[in-house]
Amino acid sequence: MLYVICRELARWLLLLGFERRAFYRARFPAGGFVLASNHQSFLDPLLLGTSVARPVSFMARDTLFRNPLFGGLIRRVGAFPVRREGVGKEGMREAKRRLESGAAVLLFVEGTRTRTGEISPIKDGAGLLSRLAGAPVVPAAVEGGFRAWPRSRRLPRPTRLKVAFGAPIPAARFRDDPDGARRQLEQAIRDLHQGLVSPLQGA
């Protein structure tokens, strides 16, 4: 219940303050899946979470849980801690458990927020989770967050936020050809992002 309330509040915040738009290329899988996205700002979890009808579990760096009030809140809406320098065994076990229970788990494939607005080469966290839990990976891309709230700004400014979701990549692809699957995922995210910045979807 708390998750649904917070999601609706976040949805209205984004609609009123930032003009949120979502684009879909395929349906989400019925069971557990990894939601793999680029990362532009602190607004990204809200943008992605409010665009998926089902609850989304967030992999959040452990430093965000140091404040008892904020850490308790994000934990209650599905976030769980991972080490800043990597997911680590505990984070992987928790993500695997949630995926096997049918949850959607959000992972930012670059490992940190962009410093330039461009997408950095992706890490293999999404593929590793897919192989561990036998879960498909849904590529996603966000755009607008870097203009709204880059690292250099203390507070966000209103702008248009957009998110796009692509076709799921089967778990078998990551199991049988890990490197090829990682390249496919990276290209899918880059293609989705390019679609968001193009004139056709920039309207």
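**Terms and their grounds**

Mentor: Let us begin with His193, which counts as buried because its relative accessibility is 11%, and buried means under 20%. Please keep in mind that this is a predicted model.

Trainee: Where is His193 found, and which residues does His193 touch?

Mentor: His193 is found in helix H8. Leaving aside residues up to four places away in sequence, His193 touches Asn38, Gln40, Ile119, Ala141, Val142 and Glu143.

Trainee: Which other residues of H8 are buried, and what covers the buried residues of H8?

Mentor: Among the buried residues of H8 are Gly180, Ala181, Leu185, Glu186, Ile189 and Leu192. Their cover includes strands S1 (20-24), S2 (33-37), S6 (137-143) and S7 (161-165), together with helices H5 (125-133) and H7 (171-176).

Trainee: How do you know that the span of helix H8 agrees with its number of residues?

Mentor: Helix H8 has 20 residues (178-197), so at 1.5 Å a residue it should span 28 Å. The C-alpha atoms at its ends are 29 Å apart, which agrees.

Trainee: Why is Asp177 called partly exposed?

Mentor: The relative accessibility of Asp177 is 31%. Partly exposed lies between under 20% for buried and over 50% for exposed, so Asp177 counts as partly exposed. Asp177 lies in the loop between H7 and H8.

Trainee: What makes the pairing of the Asp177 and Arg173 side chains a polar contact?

Mentor: The two side chains make their polar contact at 3.0 Å, and the cut-off for such a pair of N or O atoms is within 3.5 Å.

Technical notes:
Residues numbered from 1 in each chain as written. Predicted model: local features only at pLDDT ≥ 70, side-chain atom pairs only at ≥ 80, totals over all residues. Heavy atoms only, no water. Helix = DSSP H or I, 4+ residues; strand = E, 2+ residues; numbered from the N terminus. Expected span 1.5 Å × (residues − 1). Buried < 20%, exposed > 50% of the residue type's maximum accessible area, 1.4 Å probe, protein only. Contact = heavy atoms within 4.5 Å. Polar contact = N/O pair within 3.5 Å; in protein donor to acceptor, adjacent residues only side chain to side chain.
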